[in-house]
Each structure stands twice: as C-alpha cells, then as structure tokens.
Amino acid sequence: MPIHYVNADDDSTFQDIYATNASEHALPKYRLPNNSSEPHAAYSLVRDELLLDGNSRQNLATFCTTWVEDEAKQLMTDAVDKNMIDKDEYPQTAEIENRCVHIIADLWHAQKAWETVGCSTTGSSEAAMLGGLAFKWKWRNRREAEGKDTSKPNIVTGPVQICWKKFARYFDVEIREVPLEGDALGLQPADLRKYCDENTIGVVATLGVTFTGIYEPVEALARELDAMERDLGLDIPIHVDAASGGFIAPFIQRDLVWDFQIERVRSINASGHKYGLAPLGVGWVIWASKEDLPEDLIFYVDYLGGNMPTFALNFSRPGGEIIAQYYNFLRLGREGYTAIQQACSDTAQWLGAELAKIGPFEMVYDGHGGLPAVAYKLTDADHGYTLYDLSERVRMRGWQIASYPLPSNRQETVVQRILIRHGVSRDLARLLLDDIERAIDHLSKNPVPNSTATPSFHHG
C-alpha cells in the first residue's frame, strides 16, 4: 500500500499554494527575498493583496477606463514587449501611432489633418504640459524677436486639474487660475481682460471641468480674445484641455464649436484612457499646424540604429495602449463611439433627474451639455450629516463617489460628483441610486454631529 506525505520544503507546482514557504511569511516590504518562489505561488499571493483594492467598476470618481474588451486586452498582451519609442525596431507600432494622431486631428477638425503634428503621451497630464511648453516657446521667440522681456510668462485658466499647476511650477510660468465668481463653475469671457496681459502665453479652456463636468465656453472665450486683440493688440492663443470632452463632444454634441474650427485654438489634449475608451496609459496632444510646435522643442535621437524625432517628457513607453486605442477606432468607428457616449450621457441625465427628486440634494450639474456626469450639493438645511459622510456610507457597498469643495471663491460649496463611463449600465446606476437612498435614510436616523469625514477625492 503506497504511503503519501507532503514535503514541507517542496515548492513545486504540485504543492498547494498556501503550503509553500512563501505563504507562511508576510510578503517582503523593504528587502528583496533571499529565495525564489514558484510563479503560481507568487502570483496568487500578490493577487490576494490586490483583493483589498476597491472594485474599479464601482469607482465612479475616476474618469479612467475600467471596462476593456477581451480583444483589446489580448492586443496589450501581444505588445507587452514593444517599446513604442523605438520606431526603427517597431515601425508598424509607429505607423499605428501616426494613424491615431491624424484620425484624432480629423475628429477635431484640423484643416489639414493629414499634415498636422501630434503625439501620444502617457496621459492627458503630459499632453497638457507639452501644449503649455509649445505656448511658452512660441511666446518667448516672439518676444525675443521684438526685443522685449521674456522673464515673466503667465498662463490664464479657470479651475483646472493639478497638471497645469505642475506645468507652471516645473517650467517657471505664473498660473493665473481665475476664481469662480457668483454662480460660475468655470472660466468666463468677462474674466479675460482682468487676467491677461502681454506676458500671457495662452489661455486654457477646459472641455469637461473635473470639479463638475461642465464645458467652458471655448467659442465665447475665443471671441473675447479676438476683441482683445483688436482693442489691445494682444494676440493670445487657446489650448483646449479636452481630457474627457475631446472624445465626447465630437460624437454627441456635434453642433458645439470648440476645436480647430476656431482659429485661435492652436492645440488640444485628450486622454485616450478616459472617454477615448483605451486602457490606462495613453494620452494625445495635437497642434493645429506644424508651425504651432516650435522646432527647437523636438529632439532628434539616434536610438538602436535609427534617427527619430521625439517630443515628450517620457522616453521608453509601452506600445500596447496605443495599439488598443487604434483597435477601438477600428472596432467602434463613429457609429460605435456615438452609441457608447450617448448611452453614458442618457444614463447620467436619468440619474440627475432621479437625484433631483431626493429631498436633501440641489443639482449643480445635471448631465446636460457637458460630460456624462452629475454634481450636486446638500440644501442649506441642517441635515445632521455631510456629503463626506454620505461618501463613506455608500463605500460600505463598494461605491466610490467623489466629494470635495469647489475651488477658490466657492470653497464653502461642497459637491458630490458621479461619473458615468463605458460599462456603467442603467441597472448599475439604479443600484447606486438605491444605495444612496438607503444611506440617506440611515444618516437621517443616525446623525453624525461630530463627523470627522473628509474629502474623498483630490484633483491630483
């Protein structure tokens, strides 16, 4: 009769994962382990820790893609060994990046989309910084040609994502972030004359303000800058930060004029990994023409046998996200993107209408005219709890909802924002609404007089 036993020192694939040596110790945090582990054991132990993360599909605070088709995942896997910066070794990946640039330029009504210039980035933050750098160089070159001082550049914005503050600090540009006046939620044409001057390198208009989801009025801002050029001689370009709206407006808000149809708009950035529906790690910046990207910002690098131009803050990057972006363009086309973004918008508007019926809420943005999102605040009554408490309560059910104060001059207004992305169905939105109503009922019966809950989202 055979006798079976377990060898405690055997870490082979035949041994149970939770009987291996690696499973009997806390995972290393500060030093490389002395011994190797079986791949299946290492994988399972790391995966177990990741169970403590939130469920990304229930994260309605993030703008980023959380649902990806299996075919896109497979393309990412197929490209895991491709360094997109090496265009000599991976020429077809470079060609796919080039195709994406021109497709996006056409989507944004560039006059000669097949000739204009643009590039992929790690996300819209890097893309925005590249747009800002081009503005600074163009402004400085013009000032130097006129024999004028170049030491005090500034950029004028409304309430912006933290990347623009990083750009200003890292590249020595004063940021003039216009405070919100009255009921305003973004930059207004009337603000421009007060904040712009001869040292203004550009104005940033945001198509999808992160705090609320609204679009700033790009066309009206451009008209005011046209008037300022006539009256004051100031020729100030616009960069549109379309991190999210750049892949929404072209499909479901086609009558909105915001892009290269406006002569004063010289560059636009967007996130491929937000409403562009690509997996995390890709953004895009496009210039209206080659002349809008100063030549001295471009580096020509001898790399692995080829000479290639590059304009980026990063160098080596994976190619999979770019390939997945092209897959989405091919897979969905205008018809598919329109259907998806319209469904998201319809769900956001439905949710806004339902939330407006709930007693304690006053809508700040109801999902019409901007991103597929809603934002609301508590009415002025004393409810016995805050929106921060409500965020904590619904998190018990797995939902992550952003709650935070509005920016300068409206800091006393705390809002809660819900984003509807691809993969958030009407059914999921209904379940969320039910959980919000249950949370409100609980908090109303159990007030939190000494609440220590704090903002649940930071714009950084």
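These notebook entries record what I looked up in this predicted model.

**Conventions.** I number residues from 1 along each chain as its sequence is written, and I use heavy atoms for side-chain values, leaving out hydrogens and water. In this predicted model, local features need pLDDT of at least 70 and side-chain atom pairs count only at pLDDT 80 or more, while totals for chains, interfaces and linings use all residues.

**Entry 1: helix 3.** I took helices (H or I, at least four residues) and strands (E, at least two) as DSSP runs, numbered from the N terminus. Helix 3 covers residues 91-107, and its end C-alpha atoms are 24 Å apart. This agrees with the 24 Å that its 17 residues should span at 1.5 Å a residue, the expected span being 1.5 Å times one less than the number of residues. I then listed its buried residues (under 20% relative accessible area; exposed is over 50%, partly exposed in between; 1.4 Å probe, protein chains only). Among them are Thr93, Ile96, Cys100, Val101 and Leu107. The buried residues of helix 3 pack against strand 1 (118-121), helix 8 (249-252), strand 7 (283-287) and helix 9 (320-356). After helix 3 comes His109, with a positive phi near 65°.

**Entry 2: nonpolar cores.** I defined a nonpolar core as a set of buried Ala, Val, Leu, Ile, Met, Phe, Trp, Tyr and Cys residues joined through side-chain atoms within 4.5 Å. Which residues touch the most other members of the largest core? In this core of 98 residues, they are Leu355, Phe361, Ile418 and Ile436. Helix 9 gives the most to this core, with 11 residues. For Ile436, I set aside neighbours within four places in sequence and found contacts (heavy atoms within 4.5 Å) with residues including Leu355, Phe361, Tyr376 and Ile418. A second, separate core has 24 residues, including Met129, Phe135, Val204 and Leu297.

**Entry 3: Asn199.** I located Asn199 in the loop between helix 6 (192-195) and strand 4 (200-206). Asn199 is buried, because its relative accessible area is 13%. Its side chain makes a polar contact with the side chain of Arg143 at 3.4 Å. For that term I required a pair of N or O atoms within 3.5 Å; within protein, one must be able to donate a hydrogen and the other to accept it, and residues adjacent in sequence count only if both atoms are side-chain atoms.

**Entry 4: two positive phi values.** Asp172, in the loop between helix 5 (162-170) and strand 3 (174-177), has a positive phi near 60°. Asp172 counts as exposed because its relative accessibility is 60%. Leu277, in the loop between strand 6 (265-271) and strand 7, has a positive phi of about 75°. Leu277 counts as buried because its relative accessibility is 7%.
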